[in-house]
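I opened the structure to look up a few things about helices, contacts and cores. My entries follow.

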Amino acid sequence: MPATIDLEGLGLDAGGHLLVERALAHLAPGDRLVVRGRHPTLGLHLAAWCRAEGHRLDQEATAPTVVRGSADLDRWRDARRAGRNAADVAAHASPAWGLAARGALVEPGGPALSVDWVDRDLVWADIAPQLYAQATANQWDPATAVDWAARGPVPDDVEDAVVQVMTYLVENEQAALMIPARLLSRLHPHYREVMQLLAAQAADEARHVEIFTRRALLHRDVLGLSGAGGRASLQTLLEEPDFTLASFLLSVLGEGSFLDLLHFLHRHAPDRVTADVTRLAARDEARHVAFGVAHTAHVVRADPAFLGRLRTAVERRHAALADTAGLNKQVFDALVILAAGSWEPAAIARGWQEVLRLQETMDSGRRRRLEYIGFPADEAAALSALHTRNFM
């Protein structure tokens, strides 16, 4: 006896087709389903629906009877899942999956993604999901997280130094915004935690640009100077096409040193606003450095020979910048003045030593991160010494 459903007064044009589909889902191709109902156009609509869906209406039956077809089954016959489930991060993500969610059953025939990085070990770090969770939990609003009204008096010369340093920070943060934005656009969305983390990183940098610009203009109408050497240094980061090398140069070496600089500026901040903006930025930057280090270490564990490519990237960047001046003189002098706090000879001497200690701290941090990634201590020291004088 064929299966039977009763639509009562419900028409196929008002949702009745859902009940028919539900009943057919339990039948095999060739099985029959009797559809009863009181709707005046049930037979007409059912015939049209069967033609559209690949089923057949038995014209000889005394009651409307659907003979189940196989078109809907054939459509999904060669479908494959984008990973075994939503938690399974595949070693290779097929461009044919397109924008399908991880773990979804992917119908064949859709457009393939034009992306560069489709292999997990080229982009992954086990800490990425945790860092993304931290990033979303620690978002802050520049308008309220900083007490912009706490704009206490700052000596004119010291304020000039703050403006120059903030101008330098904006320049660096704009590069740090563009790089993750570029990387995530070339990444397969199957590795969504990394994509989400890079998006959060870009949002972080956008906020940093805002707060550093706002601090620079707190007491002044114009920003400071932008040196050609500094921009040339940042340009080499923008031009690095490889995911891991770009992450390594930016986050492991550049943002790692930048993090030490932000701690230095927080420690020597002449007012609360400067202390707040550098503290907030440093909290974000620590996350960026953590991903860069974890990802690069992941790649090296999978392929120890990759250390050679990292070494070459540092040497290539050093050679490209050999004829540039490095850190803007005005920025270096501004750091000395901030650390000194005054123009007294003894204060300037103290400020000078503080900046030298900052550079030593940066070098020590770079060496430590390089050793964690897998470089021997002597090679880590040599590569750290080749890092750009522009800090980032």
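Entry 1. I looked up T236 and found this residue in helix α8, residues 228-238. Helices here are DSSP runs of H or I with at least four residues, numbered from the N terminus. The model is predicted, so I kept in mind that local features need pLDDT of at least 70, that side-chain atom pairs count only at pLDDT 80 or more, and that totals for chains, interfaces and linings use all residues. Residues are numbered from 1 along each chain as its sequence is written, and side-chain values use heavy atoms, with hydrogens and water left out.

Entry 2. Is T236 buried or exposed? T236 has a relative accessible area of 17%, so I noted this residue as buried (under 20% is buried, over 50% exposed, in between partly exposed, with a 1.4 Å probe and protein chains only). Neighbours within four places in sequence aside, T236 is in contact with R317, A320 and L321 (contact means heavy atoms within 4.5 Å).

Entry 3. I checked helix α6, residues 156-184, which has 29 residues. At 1.5 Å a residue, α6 should span 42 Å, and its end C-alpha atoms are 42 Å apart, which agrees. The expected span is 1.5 Å times one less than the number of residues. Of the 29 residues of α6, 21 are buried, so this helix is largely enclosed by the rest of the structure.

Entry 4. I then looked at how α6 meets α8. They pack at an angle of about 10°, with axes 10 Å apart. Axes are lines fitted to C-alpha atoms, for helices over the stretch in contact, and angles run from 0 to 180 degrees between N-to-C directions. That angle makes α6 roughly parallel to α8 (under 35 degrees is roughly parallel, over 145 roughly antiparallel, 65 to 115 roughly perpendicular, the rest oblique). The contact involves residues including M178 and I179 of α6 and L234 and L237 of α8.

Entry 5. Which residues touch the most other members of the largest nonpolar core? They are L169, F212, F248, L261, L310 and L335, in a core of 90 residues. Helix α9, residues 243-267, gives the most to this core, with 14 residues. Such a core is a set of buried Ala, Val, Leu, Ile, Met, Phe, Trp, Tyr and Cys residues joined through side-chain atoms within 4.5 Å.

Entry 6. Last, I looked up α9 and helix α12, residues 329-340, whose axes come within 9 Å and cross at roughly 40°. That makes α9 oblique to α12.

Methods. Helices (H or I, at least four residues) and strands (E, at least two) are DSSP runs, numbered from the N terminus.
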